[in-house]
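Here is a short briefing on one protein chain. Look at the sequence and the model first, then work through the points by topic.

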Amino acid sequence: MDIKFMTAHASKGLQRDFVFLLCCSGGLKGFPSAIPEEPLLGLLLPEVERMPHAEERRLFYVAMTRCKKKLFFVVDQSRPSRFMYELHDRICPNIFRGVKLPPQCPNCGEALRLRHAGSDPSRAFYGCTGFPNCRYTRPCK
């Protein structure tokens, strides 16, 4: 078996029978990354793109299209990235084969996690995993 680890950038123009796409979870080191863009970068680049995370979305597509036979997404099931929600909800819902994703934050697109106020289980609510950048909450139903 010939196993190669490479970045999505390095995979451009290559193809493999099986591809494992890592970091498909949300957060700072996820795909897309939650690391804020350098302010100076906005001054150097042409107009801002309409689609959020446009460049990382293109890179994600490049990484996905490197496989010939089977693509595997490595995801923290409690904190999937917004790209996983897009694939699951709109693009190809059958790829998850019974995997249920947690609810998605309507404000920022990150996952919602069940939380409790203090140690009282009767005061449960959903809080955004993007906290403290996103403070969205909603009561449990």
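## Overall fold

Among contacts in the protein between residues at least 6 apart in sequence, 51% join residues at least 24 apart. Contact means heavy atoms within 4.5 Å. This is a predicted model: local features need pLDDT of at least 70, side-chain atom pairs count only at pLDDT 80 or more, and totals for chains, interfaces and linings use all residues. Residues are numbered from 1 along each chain as its sequence is written, and side-chain values use heavy atoms, with hydrogens and water left out.

- The protein has 3 helices and 5 strands. Helices (H or I, at least four residues) and strands (E, at least two) are DSSP runs, numbered from the N terminus.
- Read from the N terminus, the elements run β-α-α-β-α-β-β-β.
- The protein has 141 residues, and 30% of them count as buried. Buried means under 20% relative accessible area, exposed over 50%, and partly exposed in between (1.4 Å probe, protein chains only).

## Aromatic rings

- The structure holds 5 aromatic pairs. Rings of Phe, Tyr and Trp (its six-membered ring) pair if their centres lie within 6.5 Å; planes under 30 degrees apart count as stacked, over 60 as edge-to-face and the rest as tilted.
- One of the pairs is Phe 31 with Phe 60, which is edge-to-face, at 5.1 Å centre to centre and 70° between the planes.
- That pair links distant parts of the chain, 29 residues apart. Phe 31 sits in the loop between strand S1 (16-21) and helix H1 (39-44), and Phe 60 in helix H2 (residues 54-64).
- Phe 73 counts as partly exposed, because its relative accessibility is 24%.
- Phe 31, Phe 60, Phe 73 and Phe 83 form one aromatic cluster.

## Helix H2 and its partners

- Ala 54, Arg 57, Leu 59, Phe 60, Val 62, Ala 63 and Met 64 are buried in H2.
- What do the buried residues of H2 pack against? They pack against S1, S2 and H3.
- H2 and helix H3 (residues 82-91) pack at an angle of about 65°, with axes 12 Å apart. Axes are lines fitted to C-alpha atoms, for helices over the stretch in contact, and angles run from 0 to 180 degrees between N-to-C directions.
- From H2, Glu 56, Arg 57, Phe 60 and Met 64 meet Phe 83, Met 84, Glu 86 and Leu 87 of H3.
- The residues of this contact divide into 5 nonpolar, no polar and 3 charged. Ala, Val, Leu, Ile, Met, Phe, Trp, Tyr, Cys and Pro count as nonpolar, Asp, Glu, Lys and Arg as charged, and the others, Gly among them, as polar.

## The sheet

- An open sheet of 3 strands has the order S3-S4-S5, with antiparallel pairing. Two strands pair if DSSP finds at least two bridges between them.
- Strand S3 (112-116) and strand S5 (137-139) stand at the edges with a single partner strand each, so one side of each has no neighbour in the sheet.
- The twist averages 30° from one strand to the next.
- Strand S4 (residues 124-128) runs antiparallel to S5, and 3 bridges join them.
- Gly 127 stands opposite Thr 137 in S5.
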